[in-house]
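I opened my notebook for a slow look through this structure. Below are my entries, in the order I wrote them up.

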Amino acid sequence: MHQEFLMGNEAIAMGAIAAGVNLVAGYPGTPSTEVLETVAKRRPQDTYVEWSINEKTAMEVGAGAAYTGARVMVTMKQVGLNVATDPLMSLEYIGVKGGMVVLVADDPGPISSQTEQDTRHFSRFSKLPCFDPSTVQEAYEMVQDAFEYSEKYRTPVFLRSTTRVSHGYASIDVKDEEDYKKNTPEGFIKDTKRWVIFPKLSYQAHINIEARNVELAKEFSSYDKNLLLNMESKAFPKKGIATGGFNYTYVSETLKTLGDARFLKVSTPHPFPEELAVKFLTGLDEVICIEELDPVIERELIYIAGKYQLPVKIYGKLTLDVKNSGENSLDSVMGNLTKFLGVNPPETGALSEDDKAEMPELPVRPPVLCAGCPHRASFYAVKQAMKGKKTLFAGDIGCYTMGNAMPLDMVDTCLCMGAGLGIAQGVDHIEPDTSCFAFVGDSTFFAAAIPGVINAVYNQADMTLVVLDNSTTAMTGHQPHPGTGQTMMGDVVNKVSIEKILKGIGLEFVETVDPLDYKKSVETVKSAAALPGVKAIIFKSPCIAIVKSDKCLAVDNDKCINCRKCIREIGCPALIIRDDKVVIDDSLCTGCGLCSQICPVGAIGGDHHE
Amino acid sequence: MSKNIVLCGVGGQGTILASKLISGAAMNRGIPVKSAETIGMAQRGGSVFSHLRLGDDVDCPMIASGSADIIIGFEPGETVRMLPYLRKGGQVIVSSRPVMPVTAALAGSNYNGSEMLDYIRKKVDKVIVIDTEKACRELGSAKIVNLLLLGAAVNSGALGLDEEDIRKVILTRIPKKFHDLNFKALEYAKKSSL
Ligand code: SF4
Ligand code: SF4
């Protein structure tokens, strides 16, 4: 054992490596991304790692490897699990040979996601066992436990993390390399009765799964990470607190101030440790459930109280005693628990309530496209080319979702990965006089957009596809994808060409343009929009966060007429007002040149970097 | 003894490196560290924070309102946003340089942070304001804001770490070519925070 200071996601990766993982596949998504990246960085030589093109494919790659007896981890964020649902639901019936851990990171808040869905629910729906770590150390250990359970019961299992566990850091104890488990896959052994899903097999498997989950619920009641604490609380003999996952740390931290109360920590929300829960509930009058996302623990406890006829009142999200959406915090949990336990909150900090009321209005900082981001230029070109026309700009998931911000205001819809293509077609079929555009990034194109393009061609839609190709998966921290010609194993491979795919599907108008060439970009958009059928423009220019620029422009304040067109039209964060003059912040400007092409008096220019 | 530290600023300002240096220094001393920070969309020019907790008896990496021993603010407005976390008698270190949000530029506002600094000075006794813009000009680099603030924080005594701890961690965590510059920034911070 030695100590390392690790992020939760890094700890999960190191735990998987210590468990002898042979293959890791995933698709990037906050807050899950660093798991796979860390495995890639620190893997033993014979561990295979890939960014798959989407979560469904990752799950299938993982299934195949697990059929051979390999230990497998598949990583994704919670909405990615929706994409991988199809293979996973069936895989639960088929089962695995090698241990298979499906790492899903949920995002209470949500901080960087479209939904506040709860993978603990999903685990109940899909019947997969679920582990829910509360700290970085526990995440490290639990992933190893999860592999053991997975192999023992021949089922994929969930390791469900949340943002604060995944992105929290702690100094933790980790194994030395010589203590890592070594797993040598036996290989795939043909057996159609085992690996080919048919209704008859599914019926039999269903019986087995139900029986297994009853057995697991029993076993989990004595799992050492499900805890029952302070059974003999003097201060609050009739009250109990139930929690799980990261919220355990809120509760235990808060009880340090408020005094010990009986509490149940649920680390395996499915199958629920029923026997342990009965012990917890017995003798209590009232229980409060502190959890995030859905009231999963709360509903289980209500069910158990009913089943065993325990006279206990259960409070939580369903009773609105705990907020039913968004993230909890130490402060919100302190509020919940002082009220529930009937004690006074500790005194406040440096600011009184009056002080807070006097606070000056704080600057509002929505996330924005970086200074010099080529997406800004692409959006602006489309906006100018289509000025005055009836349009629909369907957006998608990625940095370019931020094209919605003022003053660009170029994202009319955003739903889920790849949805912009379908939405543009739906609007087109109902409103043929609207010029419909779908914007999609390069990584999203490979992950989720190709079927949508084929559908548009086949079903005769009129629409323009705009591929914002910055040669990376920028939003999640710059992962490679099929268009970049690099893999996670460090190999250089042939790039998959977006242009050739589109031409292969049958598109006749496919133009690749540099969005930083403003005039040419506007012309290209105009000619595309004028044509019928499905057309595509590929705006190609690298993400400024990977191809660093040492250029920088400046405003010549003698020429500038202070019309502020640059600020009003493109909203680049490097364009600021200082002492009532427009200036360029040289620590941010990348010299992309967009502003200089729209300034009516040519006041912006030069290359002012030393 | 545990220490609760909040670092805050605008995405891209380098709060994460500063937080890494503090945790590295604490770990060199054998003090356990837990921390939480903003990762994701907000890193693109949004408000970002790190919570850092040093000490043995810590379960949660997040800090409760009114319990931070020190706030290290990379931007005046963001420091005010985090002020409810400060405990009574806590220390504030703040850079005077404002970062104008796009929304303010669009609205034609003249946001310059001075109103924010006034509020902090009025409400908090222990405040050190560092004119990082001036310091960067004098030291000839824009990349030392985090070291200037860190230097001032160490000097205030509120971190429970000393200058030597930070120097040591710089030697191991930061590329050699920046060592001199970083040490100069520490010196500068010491002088200007007296
Ligand atoms: S050149 Fe203009 S638009 Fe481009 S980054 Fe600099 S200020 Fe922003
Ligand atoms: S568009 Fe040109 S003239 Fe108008 S404010 Fe900007 S720099 Fe000045």
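Before starting on the helices, I noted that helices here are DSSP runs of H or I with at least four residues, numbered from the N terminus. I also reminded myself that this is a predicted model.

**Entry: helix 1 of chain B**

I began with the end of helix 1 of chain B, and found that B:Gly30 follows it with a positive phi, near 80°.

I then checked the length of the helix. Helix 1 covers residues 15-28, which is 14 residues, and at 1.5 Å a residue it should span 20 Å; I found its end C-alpha atoms 20 Å apart, so the two agree.

Which residues of this helix are buried? I listed B:Thr15, B:Ala18, B:Ser19, B:Leu21, B:Ile22, B:Ser23, B:Gly24, B:Ala25 and B:Ala26. I kept in mind that an α-helix has 3.6 residues a turn, so residues three or four places apart point the same way.

**Entry: helix 7 of chain B**

Next I looked up helix 7, residues 163-173 of chain B, where B:Glu163, B:Asp165, B:Ile166, B:Arg167, B:Val169 and B:Ile170 are buried. What do these buried residues pack against? I found helix 1 again, along with helix 6 (145-156) and helix 8 (179-192) of chain B.

**Entry: chain B as a whole**

I stepped back and counted eight helices and six strands in chain B. Read from the N terminus, their order is β-α-β-β-β-α-β-α-α-β-α-α-α-α. The radius of gyration is 16 Å, close to the 16 Å from the globule rule for 194 residues, so chain B is as compact as a globular protein of that length. Its C-alpha trace spans about 50 × 40 × 35 Å along the principal axes.

I noted that 58% of the 194 residues of chain B count as buried. Among contacts in chain B with a separation of 6 or more, 61% join residues 24 or more positions apart.

Chain B carries 25 positive and 19 negative side chains, and I found the centres of the two sets 2 Å apart.

**Entry: A:Phe340**

I finished in chain A, with A:Phe340 in helix 13 (residues 330-341). Is A:Phe340 buried or exposed? Its relative accessible area is 9%, and buried means under 20%, so A:Phe340 is buried.

Leaving aside neighbours within four places in sequence, I found A:Phe340 in contact with A:Lys239, A:Gly240, A:Ile241, A:Glu286, A:Val287, A:Ile288 and A:Tyr315. A:Tyr315 is 25 residues from A:Phe340 in sequence, and their C-alpha atoms are 9.0 Å apart.

Key
Residues numbered from 1 in each chain as written. Chains lettered and ligands numbered in written order. Predicted model: local features only at pLDDT ≥ 70, side-chain atom pairs only at ≥ 80, totals over all residues. Heavy atoms only, no water. Helix = DSSP H or I, 4+ residues; strand = E, 2+ residues; numbered from the N terminus. Rg over C-alpha atoms; globule rule 2.2 N^0.38 Å. Buried < 20%, exposed > 50% of the residue type's maximum accessible area, 1.4 Å probe, protein only. Contact = heavy atoms within 4.5 Å. Lys, Arg positive; Asp, Glu negative; His and termini not counted. Charge placed at Lys NZ, Arg CZ, Asp CG, Glu CD. Expected span 1.5 Å × (residues − 1).
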